[in-house]
Amino acid sequence: MSAAEPAKHAIQVPPRPTRTISDEFRELQYIINRFQEQLNSPDGIVGLHPYGPVNVEQAKQSFAQACKRLRDALLGYRDTTLVSWSRLFTTEGNNPNLATITNRTTAAAQELASMRQIADSLHEDVDKCRSFLLDAAADAISRSLTNQFDSSDGTGLSTMLIERLKAISKRLGLAYYTDVQKREGEGEITTVTLAGGILVIDVDIGSTIGQLNVKVSYVSDIEHDERINTLMLRRLRTGDIHGFERLVQEMATLDRLTNERSPANFIHNTFAIISTLAEIQRQELAALDGDSSQLLRHGTGIALPHTRHIGPSTLYYIPAVSKAGLTTSEWSSLESNSLDGIADVAGCNWLSYSWEPTSSPRCFLSALFNQHCLSPDYMIEDSESHKVLTVHHPTIQGLDMRFLEFVRKKSNSSADAMQVDGQNAATDINSEFWIPYTLVAQVEPPLPACALTIRGIMTATATSMDDSTLASSDPNAKSFGGIQDSPRLLEDAPTLESLIRSSKFPKSEGFSTLHKPFQTPILLSLEQPQIRAWTIERVPLNDPRDVLLLVPLLRRQATFNDLLASCIGDAIENSGDSCPSVTTSAVVSAQTHANDPFRIDIVVRWTGDSAIAGSPSTMDVDQQQSQFAGHSSVKDSEGVVLGVVLRVAESTGDAMAWLHRDLEIALPRKNPLTALGEIPSSSLTSNVSHKILTKAVKISNSVPLVVSWMLEHSNQL
């Protein structure tokens, strides 16, 4: 290689400019600031500067020169620096070793990126390990609380629980204190105090499980609810450490939001929602003649605060069989929130209320108001900040309720208005309690729902299509898509039947448990799924009074889901064309409707192989025809055919039944299910429903159980 070649391929580094682009920017900013100072006198009026007249032409010239110098500097940077470095990546006139250097640099960058990913993964693994360790420690304490607290190592367990509470306080940002006292007859008691801004949680820990105690108080005028103490203590004494920590976290969240969003008091407003739901329940109960059971048919459910979570909760649906088994005294205990174990009853549906950030501010109650729903004898006048709104109850005729409605008053007066683009802009004059948080109803368990229910909820809560977060078409999704996507996703959405089959929605046990006393083998098959659906996990509320419209929609959907689930349980499902090993007494075919997602049509065929005395299947063909002569049933090679239409009512959520003879149609010998499907839903009125069969459906809400009842009580059909 000649001596000239290295010079040919040498990288030409441009000379460093005497003035940088940053220098030009700073000088330009200085000129602008100086010019602005010269134009404005101390009182804000354009005129002569106190230090002399303003030379506008000179200022304009200086500004133009500074802009030209900045432009020249940018062009020079482009022509000398950027172009010179860009030539390094062309194929002409470059150092032949540049490709190798570039490849090595690229490989090093990829290696650094890979190392960064490994480091991020390591951090995630450490966090997961920490979480696993905390969960394992909580599980160990839970087992010890339930099995070993009263044993000789109770002191060691007390130490474990104390350290666990210390870890909780550190994780939630709460202050932590301990106090050890010797109490007469109890021995040494350690009081662990977790304290926030206004929240104080005292936990007494001794050597026995009976010495555990919890007391919650506030450093304010907020009146405490003893049910919080009871709930938290029950979590501890049953060994549910995870549940106890969730309750502490809920309390700590309310405390933190109260401190951050003062003067809006989240704890006060949480109790106000509890009082609101209680007042709604009192007025509904008075309109229903004190019948607590009707709250789950015509009301907004049963308000049970501090039952599952800290704060308001509503029980809006109980499975039909569980509900039928409650006595009058148990209904009264349930209504007064004194029925033990209701939170653990399987199959119940709840709404639990919490606060979440939102883009549109909501008005929080000040200390002057304790609830949104006003009692009938409470007198209040409208003001600039609030007014009283009368609402007609949607499901209880004649019941009018009064709610507070707050007004976010605007002002355009010269004293309060801001100057924006030469115009007066309205400003808030009562925005102190308008906070960007909204009340959200958590649906527990998540409820599979059809599009009709979701649209009804959006209408009831005034949810816009731009910010809707009600439903998910993916049962495993953590985030939800809005209903505005439903036309595009309708074909891709899962069916209601498939969502009910999924593990998130428990399969019905109605056939395997309730059907046993009848000992009637039934073969039930469901036709091709029809109903597209999504899963509702949370419903943002525009106002607390939205629950009046929300609960009936959820209750109707929950009732239909249970009815549909009874048709697709593993114990009764007909897979393919294979026949079960047991001899069946009835073969049932069922179908749903896409255009009426709360309706199920069933066709029942009684066979001649049943051993039940008195049932249609033990009679000969002539006896069967005589027994069902008034039903216009079809006799074919499989026996007697009977058509039934089941539909869930809109307001009460009650399931009703119609026999095909009630609808004045004759089932054809072939494809009787198709004939039932052609019956318009508009003809399914209550005055032509079968009263006795409807009562059986209401009590059981199970298709197999209804068919069993029909076999046992054919003389009443």
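In helix α11, the residues A451, T453, I454, G456, I457, M458 and A460 are buried, where buried means under 20% relative accessible area, exposed means over 50% and partly exposed lies in between (1.4 Å probe, protein chains only). Helices (H or I, at least four residues) and strands (E, at least two) are DSSP runs, numbered from the N terminus. Because seven of the ten residues of α11 (residues 451–460) are buried, this helix is largely enclosed by the rest of the structure. Just after α11, A462 takes a positive phi of about 55°.

The model is predicted: local features need pLDDT of at least 70, side-chain atom pairs count only at pLDDT 80 or more, and totals for chains, interfaces and linings use all residues. Residues are numbered from 1 along each chain as its sequence is written, and side-chain values use heavy atoms, with hydrogens and water left out.

A search of the whole structure finds seven aromatic pairs. Rings of Phe, Tyr and Trp (its six-membered ring) pair if their centres lie within 6.5 Å; planes under 30 degrees apart count as stacked, over 60 as edge-to-face and the rest as tilted. One of the pairs is edge-to-face and joins Y218 to F271, at 6.2 Å centre to centre with 80° between the planes. Y218 lies in strand β4 (residues 213–218) and F271 in helix α8 (residues 266–287), so this pair ties together parts that are 53 residues apart in sequence. Both Y218 and F271 are buried.

The rings of F266 and F364 have centres 4.8 Å apart and planes at 55°, so this pair is tilted. It links distant parts of the chain, with F266 in helix α8 and F364 in the loop between β7 (349–363) and β8 (373–374), 98 residues apart. F266 and F364 are both buried. Ring pairs also link F266, W355, F364 and Y437 into a cluster.

Helix α8 also holds E279, which is buried with a relative accessible area of 5%. Not counting residues up to four places away in sequence, E279 touches Q371, C373, L374, S375 and P376, contact meaning heavy atoms within 4.5 Å.

pLDDT is the predictor's confidence in each residue, from 0 to 100; the chain has a mean of 74, and 63% of its residues reach 70 or more. Over residues 413–429 pLDDT stays under 50, and the model has 27 contacts beyond four places in sequence for them. Where pLDDT is low, the predicted coordinates should not be read in detail.
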